[in-house]
Amino acid sequence: MILRKTILLFASTALVPMAAFAQSAPAAQTAANEDEPAEILVTARKRTERLIDVPTAASVIDATTIAERGGATNPVELLGGQPSVRILDTGTAMTTEISLRGSPTTRGTSGDPSVGLFRDGAYIGGGGFSGRSFARIDQFDIGRVEVLRGTQGALYGRNSVGGAVNIVSAQAEFDNSGWINTRYAFGNDQFQLQGVVNTMLSEEVAIRLGVDHVDQSGGFFRNDFLNTNLDRNDSTGVRGQIRWRDENTDLTVRGEYWDGQVPVISFRVFIDPPRAGFPRGYIQPVRTYPWSTPSFSAQTVASGLINLTQEMGSVTLRSITQYRQRKADYAFDLDGINPALLATLRAAGTVTGAVDAGSAQERNENAEFYTQDLNLSGDLAEGRVKWLAGVEYLRLTSVSEQRNFRTPTAANTSPGTRQPLDIEFKSWATYGSLDYAISDRVNLIGEVRQTWDDKSATSRRFDLATGLPSGGPGFVVDFGKDSSNLSYNGTLAFKPADGVTLYAKVGSSYRAGGFNQDLGTANQPIPIPAAYDDETSTSFELGAKGRISRATTFNFAAYQTNSTDIIVQLNNGCFIGSTVCSTTPVSFSSNGGKGRVRGAEADLTTRIDLGAGRLTLTGSVSHQKGRATAGAFDNQLLPQIPRWIYGVNATLSHPVAGGATALINLNYNGQSGGVHDLVAPNAPAPLDMDKIDLFNARAAIRYGRFDAALFVSNLFDVTYDVFRGAGARRINPPRNYGIELGIRW
């Protein structure tokens, strides 16, 4: 198998030169003068401007940086090491979640994300589940990633409490160019092929076509009972776009489709002794699990987008129209064991409590998004006043079903339950901003947004065998809520020198409330509420950003966010080994009173000339601490907030013999401190989060249009828990290494 895929790796790249040399245009240049720093343009304030001029904590990950690290196919690879960015990595795109500045997470529930997730300016977060992270297709052929830290409610609306992340896909350009990259990882026998062809049809029309394919026959996480891999990764995605541009109009129409298998929700049973029902405890191997039920995880994304910029004299019109369908299905073993092994453990006296080896869960969802964002912008008073006015409409529908399986008994002959769920979310908003230049060095900026939300949901629980209602009135969900929110940002910016900005900012935002579909079982220690309210936040920030020298830029910010009705993720108190409710816990969302997060962050990027070579170095460090300040969890540390987050990315480029260039990239991400969960009053203290020190490395040779590279992830093969619960833990992948071959023209 390895030999076959290695041959395919080389063969697919060897065929590329015929396509490459058929192009008439020369290779695109990244900058006219490499000695001058490139100006980074962003749309962070819904208008195109230089990043260095935007008075907010923002950073950009460009296509070159992503390529130097060997690409990115998941949020950890894409966003790891960014200031104040925490990835709650559950090992699967289904439940992985992004947090910014200590914003709360709600894994495994129907809660909305606390970070605004955008793709080319269109909102893509939310739904029944699997809507708190980006899909693989979103991270293919990226132009840039804009990471906006801090409250963004005034321009980005709902669920941007901690900030917003906008992935901007590479546009069709007016040249003949393209690239193909092949990658083989030996540790999990994974082969990837990605390619893009960009063609200029005329002076006004260009097209861009791309394909992303991954095939994996090995894996690091195994179900040894069924002899299957739990971290399967097999998918294919295609994208096509056409762009029409003239003097006043820039129109892009994009369509894409992606479908495949992704890693499943996996965990190891981890029960420390002594515990009731497990007198000697029970701890499973690190990455090999004896599950008796088949597990799978599949996703499909189909989307279309129309992006229009129209210059109308002194006014610019921008319109983003999106349709996106996201389908997701998963299944996993709830008890983490099989009947034969359970019988052996009982005979040995390892297990004495109630455990159902036939419990499992399946869930599917079909979510559809329609988004329309339309705004006008322009200048007044000879450019001293910049204004923006816009409207937005979002309609999200989600149809899903959850099925819980169990072993029938004489006392309860039911094989389990099914619970369909229908969600409809409609949101309207108007927004605007004014940026007034009081002087050449002082700006006063105001942003405001009024949002009206209408959210409804219907769910029932039925017995799988009889089809009759099951669980009683606690499993009848008829949720409906109309709400409105006024969010704002006020910023005072001062430029003490050219290229340096100091700013003070105050702003507000909200996170949409909702409901809990799975209301647990009758014997659960902690009852699950049917619904919860919106979370509202006010944030205060002081910051400085700019250019220290021609080759060095910096960002610094300190902030405090005060929140009311914080939406927290809890569980119902069940766990494997419990004498009351011995099963995997049910996660749910609830309002937890008031909370406060304080923090500071800094990052620095510099370029250092080393003879004929160059070192590009980016470093960041963040400190944050969150605490409940009122309510049932008063004075507890807020969960999933590392005390420290840090990262370094270094790329050395240097000429070598024969006209080739060597590229060496080292990437380090780390975190320390923090707790995993809030706990009920008088319960044992929460479990601490593991310290993480993760190194990745890549060495490449570039000769003309060709690249060849060796890469290794998790260089020092460290093992840590990405999540710890009362009876289960999730582990990170081990070291992996491989080769890449590519060509660009």
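Strand β6 is largely enclosed by the rest of the structure, because five of its five residues are buried (buried means under 20% relative accessible area, exposed over 50%, and partly exposed in between, with a 1.4 Å probe and protein chains only). Strands here are DSSP runs of E with at least two residues, helices are runs of H or I with at least four, and both are numbered from the N terminus. The model is predicted, so local features need pLDDT of at least 70 and side-chain atom pairs count only at pLDDT 80 or more, whereas totals for chains, interfaces and linings use all residues. Residues are numbered from 1 along each chain as its sequence is written, and side-chain values use heavy atoms, with hydrogens and water left out.

In a regular strand the side chains alternate between the two faces of the sheet. In β6, Val-115, Leu-117 and Arg-119 point one way, while Gly-116 and Phe-118 point the other way. Strand β9 (residues 163-169) runs parallel to β6 and is joined to it by five bridges, with Gly-163 as the bridge partner of Val-115. Strand β7 (residues 122-123) runs antiparallel to β6, with two bridges between them, and Ala-122 of β7 stands opposite Arg-119. The β6 and β7 hairpin has two residues between the strands, and Asp-120 takes a positive phi near 55 degrees there.

Turning to the rings, a search of the whole structure finds 14 aromatic pairs (rings of Phe, Tyr and Trp, the last by its six-membered ring, pair if their centres lie within 6.5 Å; planes under 30 degrees apart count as stacked, over 60 as edge-to-face and the rest as tilted). One of them is the edge-to-face pair of Phe-118 and Tyr-156, at 5.0 Å centre to centre and 70 degrees between the planes. Since Phe-118 lies in β6 (residues 115-119) and Tyr-156 in helix α5 (residues 153-156), this pair ties together parts that are 38 residues apart in sequence. Phe-118 is buried at 2% relative accessibility, and Tyr-156 is buried at 4%.

Phe-695 and Phe-716 also form an edge-to-face pair, because their ring centres are 5.2 Å apart and their planes are at 85 degrees. Phe-695 belongs to strand β39 (residues 692-703) and Phe-716 to the loop between β40 (706-713) and β41 (721-724), 21 residues apart. Phe-695 is partly exposed at 33%, and Phe-716 is exposed at 55%. Tyr-646, Tyr-668, Phe-695 and Phe-716 form one aromatic cluster.

Conventions:
Two strands pair if DSSP finds at least two bridges between them.
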